[in-house]
Every structure is written in structure tokens, then in C-alpha cells.
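Let's take a walk through this structure together. Have a look at the sequence and the fold, and then we'll go through them piece by piece.

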Amino acid sequence: MSNKFSYLIVGTVLLMSCFCCSNDSGGTTDGTDDSETVDDTAVVNVEPSYFYTADGSVTITTIPCTLSDGTETDCYQIVTSSLAGDHDMGPWCPDNIADDAGAGGIWLEGGEVYDVDGAFVENMAAFYNDTNWLLYDSNGDIYVTDTEEDCENAANPNVGAEYENFCVECLPSYITDLSQTWVIPVTPVIQASPTLFTTAGGGPPRAGNMAPSTRGVALNGIEFSAPAPVDNILGAYTLAPFDDAGGHINVHQGYHYHAATGFGTQIAQDDGHAALIGYALDGIGIYALEDVNGYSPSDLDELRGHTDDARGYHYHVDAAGNNNFINGLKGAYVN
């Protein structure tokens with residue numbers, strides 16, 4: 001895959017906000033812990049100044065709130081325009097099978113990230129070992145949704161046969177009066193038992209599982225969404241690519257991410273640790289997968305979290321190709 005990813009690193013921090021509990025653990029450069037004991041109840045407060053608010057696409061206020069464990073506390077209410085203000089969105093679908101990687105986005109499959117260039121679209125029948133795939137005409141022109149109505153119809157889980165073999169592309173111009181509101185605790189409240197996310201992509205939690213669908217919010221206010229329902233997408237012989245930033249648009253949801261690929265506002269860490277890229281719904285920081293030396297942590301728990309002195313308990317995102325961010329919440333969240 002071509003290296004199309006770019007980074008916007010904002011600032012360098014020595015310590016993250018203030019500790020709400022002491023932590024005696026030490027960390028190595030690859031994210032593993034070299035001490036005998038780790039206080040995984042240590043947390044740091046959410047820092048609102050880290051969010052990208054320069055263009056007015058994100059506003060943050062403090063409100064009273066009640067968390068899932070009954071804790072009454074203060075929360076940050078984050079209201080966003082549902083569009084990324086700190087990086088370009090798109091493209092998603094190339095126009096012709098001769099187009100290079102710059103004309104399209106990416107696709108996530110089997111833990112890998114693939115460029116959605118013309119060749120990828122041309123070879124989908126071989127890629128999925130199914131001759132029913134044919135997203136282009138005799139001139140090599142790719143069938144791409146080109147209206148908001150087509151976008152809505154093709155993105156429907158019950159897509160009709162008339163939209164089979166289309167590349168689905170919903171544009172930022174379709175989002176004119178949509179906002180998203182996220183409420184996260186100022187100070188994370190660690191729980192004795194974690195809340196695991198449903199493994200189903202998108203939609204509400206399964207019956208009996210009160211875990212939220214959204215994983216968290218990026219520092220530009222964009223949702224870290226549940227895994228994309230790729231089986232439903234592919235089952236209708238449609239392709240709904242993500243852009244290079246790992247995001248795409250649903251007209252009811254706005255622009256949202258399904259993978260972290262290095263775009264958007266990030267807070268670099270003075271010790272070389274992976275950059276802060278957002279916060280989970282429990283207020284705990286979400287960090288990139290790799291540190292400045294390219295190392296990934298090897299001691300993550302089932303939620304994809306661990307603890308160090310500077311950041312307390314925090315999460316690291318999954319590899320982009322896995323169509324996933326984190327696996328659950330260690331802290332209480334707003335229902």
C-alpha cells in the first residue's frame with residue numbers, strides 16, 4: 001500500500017493534566033511495564049484545550065452529569081459539526097479502473113489496509129473469489145453514487161438490487177445541518193468490572209448489553225465509531241470505502257472514523273510515547289498504536305489499555321486494518 005498518510009501533531013506535553021491517583025509504575029520505550037506493581041486505577045483528567053476548536057466545528061462546555069454507575073459529577077459536553085475541520089475528507093471512490101491511489105480511499109480487510117485505486121476495483125472479483133463483482137462498465141468507468149438520494153439508498157442495510165456493484169460515496173456537501181453531541185466525564189471513574197463492547201458492527205447494543213456503540217471521540221470532535229458492518233456492505237455487492245483518514249459519511253451520522261490512520265489533531269508526548277488522539281466515552285485517553293520509534297505496546301489488557309506514570313490508565317487503538325479502536329470501557333460513562 002502506498003504511504004499516503006500524513007500527520008498533524010499539535011504541541012508537546014510533559015504531563016497530562018493532573019493525576020487523580022498516584023501511580024508507582026514505570027514504563028519502557030516499547031510501552032511494556034518493567035515494575036512489579038501497576039496501579040491501574042490511576043487516571044488523568046480530560047484536557048479540553050487539546051481539542052481542535054479553531055474553526056468553530058467543536059464547542060466544549062461543562063455540565064453536571066450522572067454516570068453509568070450512578071456517580072454524579074461534571075462532564076464535558078462536546079458538540080461537533082459532524083465534519084472534520086482539521087483535515088480534508090475524501091476522496092473515496094475512484095472514477096475509472098485506470099485511476100491511481102490518489103483518486104480513492106482505503107478498504108479494511110483481514111487486518112490489512114488496501115488502497116481503493118482503479119486496480120483494486122477492477123480486481124474485486126478475484127479479491128473476493130466471486131464473479132458477481134463488477135463495479136465498472138466496458139469503458140472502465142466505475143459505478144459511483146453521485147447524488148444524496150443514491151448515497152442514502154445504497155448505504156441502506158437492505159439495499160436494493162439496483163445499487164448492487166456500486167461504489168458508495170457520500171459527500172461532505174450532504175451534511176448541512178447535522179451536529180453530534182458527546183458527553184464524557186471530566187475525571188474518569190474506574191469500575192471494578194469493565195464494560196465490553198458488542199462485537200457487532202454499528203447499530204445499537206445487543207439485547208441485555210448496555211455498552212454504547214460509539215467508542216470515543218477524536219480531538220477534532222469526530223466519532224470513533226463501532227466497527228463498520230462490512231459483511232452487510234459486501235453482501236449487497238457494494239463497496240463503501242473509507243478515506244485515507246479512515247472515515248466516511250453517513251447522512252444521518254455525519255463523518256465518522258472506523259480506523260486510526262494518523263490524520264487529525266494529535267498531542268505528541270514528551271517521552272516519545274504514542275500521541276494522544278482522542279478520548280473514550282469514559283473520559284480515558286485514547287492513544288495511537290505506535291510510539292515515535294514505531295513500537296507497539298505488548299502489555300495491553302482485554303480492553304486495549306494499560307498504565308504508566310505520565311498518563312495513568314489509558315488505551316491504545318487497534319491496528320487500522322482491524323476495523324476497530326478499543327474493545328471496551330474501564331470507566332463509567334454517560335448513558
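Leaving aside its neighbours within four places in sequence, which residues is His316 in contact with? Before we get to that, a word on what you're looking at: this is a predicted model, where local features need pLDDT of at least 70, side-chain atom pairs count only at pLDDT 80 or more, and totals for chains, interfaces and linings use all residues. Residues are numbered from 1 along each chain as its sequence is written, and side-chain values use heavy atoms, with hydrogens and water left out.

Now for the histidine. With those sequence neighbours set aside, His316 is in contact (heavy atoms within 4.5 Å) with His273, Ala274, Tyr287, Ala288, Leu289, Pro297, Leu300, Arg304, His306, Phe325 and Ile326. You'll find His316 in strand β18, which covers residues 312-316. Strands here are DSSP runs of E with at least two residues, while helices are runs of H or I with at least four, and both are numbered from the N terminus. His316 has a relative accessible area of 2%, so the residue counts as buried. (Buried means under 20% relative accessible area, exposed means over 50%, and partly exposed is in between, using a 1.4 Å probe and protein chains only.) The side chain of His316 also reaches the backbone oxygen of Ala288, at 2.8 Å.

Let's step back to the whole protein. It has 4 helices and 19 strands, and 52% of its 335 residues count as buried. Take the contacts with a separation of 6 or more: 65% of them come from residues 24 or more positions apart.

Next, a sheet. Strands of a sheet pair through backbone hydrogen bonds, either parallel or antiparallel. Here, 3 strands make an open sheet in the order β2-β3-β7, with antiparallel pairing. (Two strands pair if DSSP finds at least two bridges between them.) Both β2 (58-66) and β7 (180-185) stand at the edges with a single partner strand each, so one side of each has no neighbour in the sheet. From one strand to the next, the twist averages 30°, with axes taken as lines fitted to C-alpha atoms, for helices over the stretch in contact, and angles running from 0 to 180 degrees between N-to-C directions.

Zoom in on β2 and β3. The antiparallel pair is joined by 9 bridges, with β3 spanning residues 72-80. Thr62 stands opposite Tyr76 in β3, and Cys65 has Thr73 as its bridge partner there. The hairpin of these two strands has 5 residues between them, and Gly70 takes a positive phi near 95°.

Strand β5 (residues 112-115) has Val113 and Asp115 on its covered face, while Glu112 and Tyr114 are on the uncovered one.

How many disulfides are there? Counting a pair of cysteine sulfur atoms within 2.5 Å as a disulfide, the total is 3. One of them joins Cys65 to Cys75, S to S 1.9 Å. Since Cys65 lies in β2 and Cys75 in β3, this pair ties together parts 10 residues apart in sequence. The link is right-handed, with 75° about the S-S bond. Cys65 is buried at a relative accessible area of 9%, and Cys75 is buried at 0%.

Another disulfide joins Cys93 to Cys167, S to S 2.0 Å. The torsion about that S-S bond is about -90°, so this disulfide is left-handed. It links distant parts of the chain, 74 residues apart: Cys93 in the loop between β3 and β4 (106-109), and Cys167 in strand β6 (residues 166-167). Both Cys93 and Cys167 are buried.

Then there's Cys151 and Cys170, joined at 1.9 Å from S to S. The link is right-handed, with 100° about the S-S bond. Cys151 sits in helix α3 (residues 148-154) and Cys170 in the loop between β6 and β7, 19 residues apart. Number the bonded cysteines in sequence order and the pairing reads 1-2, 3-5, 4-6.

Methods: Polar contact = N/O pair within 3.5 Å; in protein donor to acceptor, adjacent residues only side chain to side chain.
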